[in-house]
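Colleague: Could you walk me through this one? I have not looked at it before.

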Amino acid sequence: MTVDAGRRRFGAAVAAAGASGALASCAVLPSREPVYRGSAAPFTLGVASGYPRPDGAVIWTRLAPSPSAEDGGMGRAPIAVQWEVAEDDAFARIVAAGTELALPRWAHSVRVELSGLGPGRHYHYRFSSGDARSATGRLRTAPPPDALRRLRFAFGSCQQYEHGWYSAYRHMLADELDLMVFLGDYIYEGSWGRNHVRKHDAGLAVTLHDYRRRHALYRSDPDLQAAHAAMPWILTWDDHEVDNDYADDRSQSDDPPQAFLDRRADAYQAYFEHLPLPWSMAPAGPRMRIHTAIDFGALARFHVLDNRQYRSHQACPRPGRGGGNVVGAECAERLEPQRTMLGAAQERWLNDSLRGSHARWNVIAQQTLIAQAVRNRNGELRHWTDGWDGYPAARQRLLRSIREQRASNPVAIGGDVHCFFASELHEDFERRSDPPLMVEFVSTSISSNGWSANAVDSVLRENPHLRYGDSRHRGYVRVDLKPDRMQVDLRGVHDERDPASGCSTVRSFEVRSGVARLDG
């Protein structure tokens with residue numbers, strides 16, 4: 001068992017961030033390093049794992065005996081944290097162990113990039129410092145590169161803390177999942193919506209302390225902690241991890257770009273500190289590369305995209321504002337061919353990732369609804385500019401790449417819109433007689449308020465490629481992936497305002513290998 005590769009990746013990230021003094025956090029420590037001696041339990045935010053590989057994964061925790069305090073209750077001293085990985089939950093068969101240094105530079109968070117583990121196997125892990133010990137987490141490594149083993153995963157997004165309880169995660173635990181894919185809006189920077197069941201403990205998040213405190217509040221939820229401890233996660237962000245509807249260096253309030261980038265740097269740092277991301281994703285100021293490809297044997301490749309950091313500003317914003325707007329034919333800017341959702345470099349990366357994939361299924365994991373979703377208002381077609389409808393040339397390039405790269409069984413998954421949608425994606429949505437290029441599934445929100453039923457019905461009437469839509473439920477999507485088919489269950493909680501709510505399957509679909517159509 002080694003952490004050499006983790007050290008190398010972290011060293012590169014530190015150099016990029018100009019934080020050379022943090023390199024010790026990936027090193028095995030001498031015995032003289034201090035351990036935690038406080039009276040309050042420090043592992044209040046639980047444990048997590050992520051980004052599984054055939055030989056390992058990332059494991060994470062943070063020491064925060066007082067999560068809402070500016071320093072988490074830890075002061076300014078570095079703290080030695082021991083970690084253990086075992087084949088059993090009693091830790092009788094420990095296969096790896098070591099020590100990491102939790103630094104105030106990273107809010108006393110700890111991440112270890114494990115290697116040397118066996119492929120396709122379950123392991124248990126935990127952390128300790130002084131007399132304090134964390135909860136135990138469980139992860140499954142990815143299968144060997146040539147394996148075609150079944151994969152059960154869930155995906156979801158949009159967990160506004162005030163709008164509901166996270167009972168969706170409690171039901172995921174019963175699904176015996178191998179993986180959770182989170183598609184954005186892990187926190188909300190501000191308060192909004194109706195029928196709050198609990199409250200943010202502070203106002204709008206703007207500073208590093210604000211974002212750390214907001215992440216800590218969300219991570220205090222026991223159902224969310226249990227879901228992180230039960231399985232590895234892979235993640236991307238959307239807007240609310242920073243600011244509603246932001247696009248590159250433009251905020252919704254159209255703040256001065258440098259001031260907003262400073263805020264974005266703080267938000268990105270807090271995001272990194274609280275999630276089981278690899279050191280290669282460590283932020284460098286307001287920049288943080290999170291798009292990546294993750295393979296599960298020969299069965300699946302997840303192409304995980306970032307739709308926020310590199311996108312063009314939204315077209316035709318309201319006067320004095322940034323962010324999205326509803327526009328019609330008067331907005332010629334929306335149609336400009338150079339407009340991008342992913343940025344040119346990420347578009348090239350995705351082309352290469354698709355072209356180089358040998359997986360049976362290729363999952364395009366991104367934030368929102370790709371399918372055209374025009375709306376008819378008084379006989380005029382209208383478009384929402386913060387989604388892919390605001391970037392039709394970029395969507396055309398994405399769909400053309402799907403066709404040209406000929407990756408096996410492409411499937412898009414998304415979130416953001418707080419509704420379930422299932423659709424068939426055409427390269428030209430006006431030529432529906434042409435066979436679709438791929439199918440798309442969008443999850444409703446974990447807890448955030450949904451659209452009105454009338455809004456969903458209106459969109460379905462104008463867009464027949466949207467085969468199904470429902471905004472009545474909060475919940476998630478469960479996927480059972482096999483070499484010959486994909487079983488997709490849309491899972492809705494009965495009442496997100498009830499922490500003990502039940503959950504049931506709202507609708508199921510099947511996608512057969514080699515057929516880009518929805519059955520169900």
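Modeller: Here are some notes on the overall fold, the surface and one glycine.

Modeller: This is a predicted model, in which local features need pLDDT of at least 70 and side-chain atom pairs count only at pLDDT 80 or more, while totals for chains, interfaces and linings use all residues. Residues are numbered from 1 along each chain as its sequence is written, and side-chain values use heavy atoms, leaving out hydrogens and water.

Colleague: How many helices and strands are in the protein chain?

Modeller: The protein chain has eight helices and 24 strands, taken as DSSP runs (H or I of at least four residues for helices, E of at least two for strands) numbered from the N terminus.

Colleague: And what share of the residues is buried?

Modeller: Of the 520 residues in the protein chain, 62% are buried, meaning under 20% relative accessible area with a 1.4 Å probe, protein chains only.

Colleague: What about contacts between residues at least 6 apart in sequence?

Modeller: Of those contacts in the protein chain, 72% join residues at least 24 apart, where contact means heavy atoms within 4.5 Å.

Colleague: What are the spans of the C-alpha trace along its principal axes?

Modeller: They are about 75 × 50 × 45 Å for the protein chain.

Colleague: Switching topic, where is Gly203?

Modeller: Gly203 sits in the loop between strand 10 (179-183) and helix 3 (208-219).

Colleague: Which residues does it touch there?

Modeller: Leaving aside residues up to four places away in sequence, Gly203 touches Glu189 and Arg214.

Conventions:
Buried means under 20% relative accessible area, exposed over 50%, partly exposed in between (1.4 Å probe, protein chains only).
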